[in-house]
Amino acid sequence: MERGYAVADGVTLRLELRDGYEQVLRDRTAELWLRSLAEVAESRRLLISAASELTSEVREVLTTLSSAHGVELVNAPEDGDVVVLADAADLPVPHAVAGLVATVAEGEVADARTVPVGVPASGTPAGACVALTERTWTELGRPTGSAFRTAVHAARIPVRVAAASVFHDVRLDADGTVVDPPAPSPDGAGNAEGDPSSPFLSIVTRTQGFRLSPLAETLTCLAAQTVRDFEVLVMCHRVAPEARAGVAALVDAQPAWLRERIRLLDVERPGRSAPLNEGFTAAAGRYIAGLDDDNVVLSHWVETFRDLAERSPGRVLRVGIVCQDMLPVQHLDGSPLHLVAKGAPYVEWPTEFSIVDHLHGNFTEFMTVAFPRSVVHELGHRFDEELSTTEDWEFIVRAVVAVGLANEPERTCVYRTWSVGTSRAEHSHEEWDRARERVLRSFDGLTITLPPGSAHRVAEMQAEIARLTNEVARLRRDQSAEQVGRLQHAHDQAVRERDAYLEEVGFLWVRVRELEEENRALGAPADQPRPGRRGR
């Protein structure tokens with residue numbers, strides 16, 4: 001049976017406005033929600049549900065924005081509308097409302113994905129942002145929040161993951177478990193905007209233009225930052241004109257304050273390191289960080305870097321991270337590839353930084369570090385453009401050796417792992433091995449001052465290596481002894497089988513002689529063939 005997509009007479013966006021979020025709505029989300037709503041239908045309505053009476057200032061902002069985007073402020077949805085339920089504190093990724101509306105079918109719920117931490121798809125909606133027809137919502141009793149999820153589950157209404165996502169603010173504890181964020185500041189979010197010409201942080205984002213949906217989520221995470229003292233350099237690396245136009249459209253879809261802080265730079269030189277070198281050279285920030293176009297950060301990523309820099313100026317800054325496995329999904333309608341969470345976030349990298357461990361392998365994901373401007377602009381460090389992989393590992397270690405490192409275990413970013421179009425999938429094992437060898441040769445040329453405690457760390461590693469070497473030798477000896485035992489057992493068995501055979505043959509020959517004697521006694525001809533010797 002074919003699915004019948006809902007034909008909407010109009011769309012009503014219902015925003016839940018909780019106590020303390022008036023400033024958040026005014027400062028960060030109203031423009032994005034209304035712009036997203038303006039992409040769908042001719043009849044567009046905005047319904048605000050507030051825990052308390054709205055201030056005249058917020059009402060004025062809502063009225064002005066609604067009028068500018070052709071949206072009517074209403075108290076209830078119209079019959080025949082598609083209703084989008086959202087939290088005013090969340091931020092829609094560009095085209096989120098359009099993606100939800102395109103997925104809605106009568107009697108079903110379209111569920112948006114959440115970033116930066118994804119919620120695995122299930123029969124119950126994640127609930128950060130959903131869409132359904134007014135008729136279906138009314139039949140459920142027009143519930144919201146947790147009551148909505150309960151009602152959908154009880155009614156066994158089908159839930160479909162839409163090609164849409166919203167930024168839902170969370171925090172992560174030491175184990176990577178999702179916890180609620182602190183309440184918004186009463187004086188508003190994003191007050192620490194700094195000087196755009198000399199920001200605290202320059203964020204360098206590499207893109208090849210074919211991961212537009214993940215890139216949209218990355219930029220939305222930056223739009224949600226509690227501290228706006230940063231710029232973004234989107235490095236379009238060998239991007240075709242059509243794809244570059246798509247990247248530019250995503251930038252245009254950001255809020256005005258963020259658009260003014262984004263620069264699109266074209267890089268045609270080949271190699272993964274080329275856009276990093278161009279971006280780090282062009283950066284105006286006092287610190288520089290890399291954030292690739294398929295990864296996401298929590299709202300206090302920049303804020304945590306800034307606070308750490310104030311405590312430990314001039315050093316490489318390192319923050320905590322979690323991993324989350326994702327499934328790349330391509331809808332049949334041709335919408336861009338997007339990532340759906342396969343499971344809960346988990347801890348992969350160590351919280352503390354060890355230079356000794358980093359001489360063996362990379363235990364620091366690139367988005368978790370911010371480099372002082374001096375590393376590039378004064379000391380002259382650059383990414384090795386001969387490396388096809390692991391360029392970040394080599395640069396991180398050289399920078400830490402040069403200026404030191406300050407560590408903050410607070411988990412502020414999510415590394416999304418998936419198998420399509422990633423560097424791990426694009427390069428062979430031989431390429432990774434060659435890159436590793438080149439990185440180790442680079443480390444050979446460094447003079448490294450080990451921090452306190454490193455002597456014990458090295459001694460423990462050597463002791464562990466010795467223990468493992470002895471264990472391997474013992475296993476080999478045991479394996480050799482076991483193999484000798486198996487061979488001896490097989491030899492003994494063969495000897496026993498041979499002796500049994502010879503014994504049986506001897507018995508047969510005795511029986512042959514007995515029969516010959518019996519034949520002679522019976523007067524049988526002497527030339528009669530002997531039993532058992534036929535065919536001689």
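Author: The helices and strands named here are DSSP runs, numbered from the N terminus, with at least four residues in a helix and at least two in a strand. The model is predicted.

Reader: In which loop is the place of Pro116, and what is the omega of the peptide bond that joins Val115 and Pro116?
Author: Pro116 sits in the loop that runs between β6 and β7. The peptide bond joining Val115 to this proline is cis, and its omega is about 5°.

Reader: How confident is the prediction over the chain, and what is the average pLDDT?
Author: A score of at least 70 is reached by 88% of the residues, but residues 187-191 stay under 50, with nine contacts beyond four places in sequence. A further stretch, residues 528-536, is also below 50 and has four contacts in the model beyond near neighbours in sequence. Where pLDDT is low, the predicted coordinates should not be read in detail. For the chain, the average pLDDT is 87.

Reader: How many helices and strands are there in the chain, and what share of the residues is buried?
Author: The chain holds 16 helices and 19 strands. With buried taken as under 20% relative accessible area, the share of the 536 residues that counts as buried is 46%.

Reader: Is strand β7 mostly covered or exposed, and how many of its residues are buried?
Author: On one side β7 places Cys129, Ala131 and Thr133, and on the other Val130 and Leu132, with both faces covered. In its pairing, β7 is antiparallel to β4 (residues 82-87) over five bridges, with Val82 opposite Thr133, and antiparallel to β6 (residues 109-115) over two bridges, with Asp111 opposite Val130. Strand β7 is mostly covered, and the number of buried residues is five of five.

Reader: Which residues have the most contacts inside the largest nonpolar core, and between which domains does this core lie?
Author: This core has 53 residues, and those with the most contacts inside it are Leu201, Leu222, Phe230, Trp301 and Leu317. Helix α6 (residues 212-223) gives the most to it, with six residues. Because both domains contribute residues, the core lies between domain 1 (13-155) and domain 2 (198-455).

Reader: Which residues does Leu222 touch, not counting residues up to four places away in sequence?
Author: Leu222 is one of the residues with the most contacts inside the largest core. Beyond four places in sequence, Leu222 touches Ile203, Phe230, Val232, Trp257, Leu258, Leu291, Val297 and Trp301.

Reader: Is Thr218 buried or exposed, and what is its relative accessible area?
Author: Thr218 is found in helix α6. Outside four places in sequence, Thr218 touches Leu291, Asp292, Asp293, Asp294, Asn295 and Val296. Since buried means under 20% relative accessible area, Thr218 counts as buried, with a value of 0%.

Reader: What is the relative accessibility of His95, and what is that of Thr390?
Author: Each has a positive phi without being a glycine, about 70° for His95 and near 60° for Thr390. His95 lies in the loop between β5 and α3 (96-103), and Thr390 in the loop between α12 (373-377) and α13 (391-403). Buried means under 20% and exposed over 50%, with partly exposed in between, so His95 is partly exposed at 42%, and Thr390 is buried at 14%.

Definitions and conventions
Residues are numbered from 1 along each chain as its sequence is written. This is a predicted model: local features need pLDDT of at least 70, side-chain atom pairs count only at pLDDT 80 or more; totals for chains, interfaces and linings use all residues. Side-chain values use heavy atoms; hydrogens and water are left out. pLDDT is the predictor's confidence in each residue, from 0 to 100. Contact means heavy atoms within 4.5 Å. A nonpolar core is a set of buried Ala, Val, Leu, Ile, Met, Phe, Trp, Tyr and Cys residues joined through side-chain atoms within 4.5 Å. Buried means under 20% relative accessible area, exposed over 50%, partly exposed in between (1.4 Å probe, protein chains only). Domain bounds come from an automatic or database domain assignment. Two strands pair if DSSP finds at least two bridges between them.
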